[in-house]
Amino acid sequence: MNCCPWPPIPCSPPPFWGPGGPSYFTILRIDLAGLAVNHVVPGGGATAAAARFRLLHRAGVRSPNALSAAFIEVTSSNLVLGAICAVGLLMTLTTAWSNGYYRTAAIAILAALLVTGTGIWFLTRRTEATMVKVHAVMRLVPLISAEVTGAFLRMMAAQIRYLGRNPRKMAFDLIFAAANWILDAAALWLVLSAFGHNLGLGPLLTVYGAGNILATLPLTPGGLGLVEGVMVPALLGFGTPAGVALLGVIGWRLLQFWMLLPLGAAAYLSLTLGTFEKTPTTAIRVRPQQFQRRRCGTLKRAAVR
């Protein structure tokens with residue numbers, strides 16, 4: 001069951017890779033390798049996105065598409081995770097609202113979803129006004145180019161609008177992102193059930209969502225220590241016996257966290273020794289001046305659309 005979440009991961013890429021995009025099997029291996037890097041290097045979802053961008057680029061995907069691919073997958077996946085946790089919080093609202101920590105977590109998650117949704121709305125519906133504000137803020141931040149940030153956000157806005165005009169593609173993306181998390185949550189439920197405790201759906205989604213949201217913070221590799229330190233007490237709060245909660249979380253993390261490391265290493269080796277050796281170097285070697293001109297052309301075409 002713990003292997004089931006991985007196949008849906010590459011089923012939710014951005015709507016366009018560019019001509020001659022990589023195969024499903026290549027994207028699957030890139031995702032596994034990126035997740036393994038995230039489990040070794042502290043950095044949250046940004047680490048996996050950076051590793052995925054580099055591997056996609058080496059697989060022949062143009063830099064703008066690779067960057068958007070890595071960013072959109074991480075963003076959409078985290079939004080779906082937040083929604084799943086919010087559903088769990090709402091399902092357990094009547095039984096756990098008296099707990100102060102529960103109320104704080106519920107308000108924080110719902111506020112994060114609201115802020116993210118508002119940001120996406122302004123980025124896609126008020127693009128120019130948003131760019132002016134972003135440009136003014138980025139000029140105050142050292143080591144970050146306001147022009148590059150603005151170009152990237154414009155490209156993101158164009159791709160989000162493309163998804164908005166193609167509801168089937170958006171639904172496909174969200175369904176498979178949800179399948180990734182739900183199947184992993186089902187694996188946690190099965191491990192707990194194997195130790196003799198059947199956790200309800202609401203508590204399961206709440207505990208699982210809270211633990212994995214913490215795992216996205218750039219504090220420890222893959223949330224190591226943080227996930228366990230939150231999920232065990234949360235399970236205890238929902239009436240799970242102490243021994244079952246501890247063994248269930250540890251058993252699930254052995255499968256969900258540690259088993260991915262050798263698989264990710266094998267995926268990276270297969271890409272390095274196989275797929276990348278066959279990728280034409282002309283597809284990925286672009287001089288900075290050429291890349292800048294091509295990126296500007298892509299943004300102009302997106303704006304026309």
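These legends go with several close-up views of a predicted model.

View 1. The model has 13 helices and 0 strands, with helices taken as DSSP runs of H or I of at least four residues, strands as E runs of at least two, both numbered from the N terminus. Of the 305 residues, 44% are buried, meaning under 20% relative accessible area; exposed means over 50% and partly exposed lies in between (1.4 Å probe, protein chains only). Take the contacts with a separation of 6 or more: 71% of them join residues 24 or more positions apart, a contact being heavy atoms within 4.5 Å. The accessible surface is about 15700 Å², and carbon and sulfur atoms own 71% of that; areas come from the Shrake-Rupley method with a 1.4 Å probe, and for residues only the protein chains shown count as cover.

Residues are numbered from 1 along each chain as its sequence is written, and side-chain values use heavy atoms, leaving out hydrogens and water. As this is a predicted model, local features need pLDDT of at least 70 and side-chain atom pairs count only at pLDDT 80 or more, while totals for chains, interfaces and linings use all residues.

View 2. The average pLDDT (the predictor's confidence in each residue, from 0 to 100) is 75, and 75% of the residues score at least 70. Helix H11 (residues 242-258) comes out highest with a mean of 91, and helix H13 (residues 288-304) lowest with 43. Over residues 280-305, pLDDT is below 50, and that stretch has 20 contacts in the model beyond near neighbours in sequence. Residues 12-16 also stay under 50, with 13 contacts beyond four places in sequence.

**View 3. Helix H9 is mostly tucked away.** Its 15 residues reach 21 Å from first C-alpha to last, close to the 21 Å expected at 1.5 Å a residue (1.5 Å times one less than the number of residues). Because 11 of the 15 residues of H9 are buried, this helix is largely enclosed by the rest of the structure. Among those buried are Gly202, Pro203, Tyr208 and Ala215.

**View 4. Tyr208 and its aromatic partners.** Beyond its neighbours within four places in sequence, Tyr208 touches Leu81, Trp181, Asp184, Ala185, Leu188, Met231 and Trp252. Trp181, Tyr208 and Trp252 make up one aromatic cluster. Rings of Phe, Tyr and Trp (its six-membered ring) pair if their centres lie within 6.5 Å, with planes under 30 degrees apart stacked, over 60 edge-to-face and the rest tilted. Tyr208 and Trp252 pair edge-to-face, 5.8 Å centre to centre with 65° between the planes. Tyr208 sits in H9 and Trp252 in H11, so this pair ties together parts 44 residues apart in sequence. Tyr208 is buried at 0% relative accessible area, and Trp252 is buried at 0%.

View 5. Phe257 is buried at 1% relative accessible area, whereas Trp258 is partly exposed at 43%.
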